[in-house]
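Keep the coordinates open as you read.

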Amino acid sequence: MALSSFDIDAPRWDQSTFMGRLKHFFNITDWRTALLPDSRLDEAKALVESCRAGSIPPGTTEEQLHYAKKLYDSAFHPDTGDRMNLIGRMSFQVPGGMAITGCMLQFYRTVPAVVFWQWVNQSFNALVNYTNRNAASPITPKQIGVAYVTATSTALATAVGLNLYTKKAPPLVARWVPFAAVAAANCVNIPMMRQQEILNGIAVTDENGNKLGHSKKAAVKGIIQVVISRITMAAPGMIILPIIMQRMEKYKFMQGLQVLMYSGLLVFMVPAACSLFPQRCSMAVSKLEPELRDVIVSQYGDAVQRVYFNKGL
């Protein structure tokens, strides 16, 4: 294939299938990309933009274009094209999540430890949620603050409440408290951080990217899918790993392996959870708000059957 006709935005893998999305997210959530300097990322962005403009530098190979697109997708927001902060990128989920969740699973016995590590985790999650929102819906600093405080309070209340409630429960039940807190907080943190999308709707387009309007129902669908994905991302490590540790913790060599075991799970679960639903989400026109549906039908008739939107991650 002549590189002059190379479509750098065409998916390398079929995004309508789970396996296709899994390959895509394994590619862009590669934790090694988080180690690269901003200058290297900016070079990749420049190459991607040159390719989009039909001006590919002489001597550039197809492999170099694919790698540039990998770096671009891992570090730049799909809505704005701006470079995302390092900690909020999905490629940072493995090192960041490994350290924080490992500590949550290790230090769960006392209330002060539970409070501290849940606070650290929710601060991390708030930044991730903000970074991966649908950026077409702006959010004010006040709304960010309210979302952060609400989600953190929910996580702390759940964790501390369950920690006290499970004092007389079997030890394994107490080990699952961090997961319950994380799940509860995700149900609050993500909708709160993306409240503007719920209140004002998110931009929906036709199959060719032509903007059709804003939909609150589309926003709710996208956010629910993100909540499910985030809880799924944490579930294996925070449910299965405590069972293993319960049986193996008596062996001293196992005590230092918990974080490494969790990181191994995250390497797979971050892309797997992101792959549960297409990032370019769709919705039948018939399920939209009556006002938006009527506008689309009056302008396009039956030509537009579905609308598309970025659900975020």
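Helices, as the word is used here, are DSSP runs of H or I with at least four residues, and strands are E runs of at least two. The model is predicted.

Start with the annotated spans. An unreviewed UniProt entry carries the annotation "transmembrane region" for residues 222–245 and 257–278. Take residues 222–245. In the model this span is 100% helix and 0% strand. Its end C-alpha atoms lie 35 Å apart.

Now turn to the aromatic rings. A pair of aromatic rings is described by the distance of the centres and the angle of the planes. Rings pair if their centres lie within 6.5 Å. By this rule there are 5 aromatic pairs. One of them joins F26 and F268, with ring centres 6.1 Å apart. Their planes meet at 50°. Planes under 30 degrees apart count as stacked and those over 60 as edge-to-face, so the F26 and F268 pair is tilted.

Where do F26 and F268 lie? F26 belongs to helix α1 (residues 18–28), and F268 to helix α12 (residues 258–274). The pair therefore ties together parts that are 242 residues apart in sequence. F26 has 34%, so F26 is partly exposed. F268 has 41% and also counts as partly exposed.

Y72 and F76 form another aromatic pair. Their ring centres are 5.2 Å apart, with 15° between the planes, and the pair is stacked. Y72 is buried, at 8% relative accessible area. F76 is buried too, at 3%.

L71 touches this second pair through F76. L71 sits in helix α3 (residues 62–75). Its relative accessible area is 0%, so L71 is buried. Leaving aside residues up to four places away in sequence, L71 touches T33, L36, R40, L41, A44 and F76. What separates L71 from E289? In sequence, 218 residues; in space, 37 Å from C-alpha to C-alpha.

Ring pairs link F116, W117 and W119 into a cluster. Elsewhere, a charge meets a ring: the charged end of R280 sits over the ring of Y308. The distance from that charged end to the ring centre is 4.4 Å.

How values were computed. Residues numbered from 1 in each chain as written. Predicted model: local features only at pLDDT ≥ 70, side-chain atom pairs only at ≥ 80, totals over all residues. Heavy atoms only, no water. Phe/Tyr/Trp six-rings, centres within 6.5 Å; stacked < 30°, edge-to-face > 60°. Buried < 20%, exposed > 50% of the residue type's maximum accessible area, 1.4 Å probe, protein only. Lys NZ or Arg CZ within 6 Å of the ring centre and 35° of its normal. Contact = heavy atoms within 4.5 Å. UniProt positions renumbered as here; feature names shortened; annotations may be inferred.
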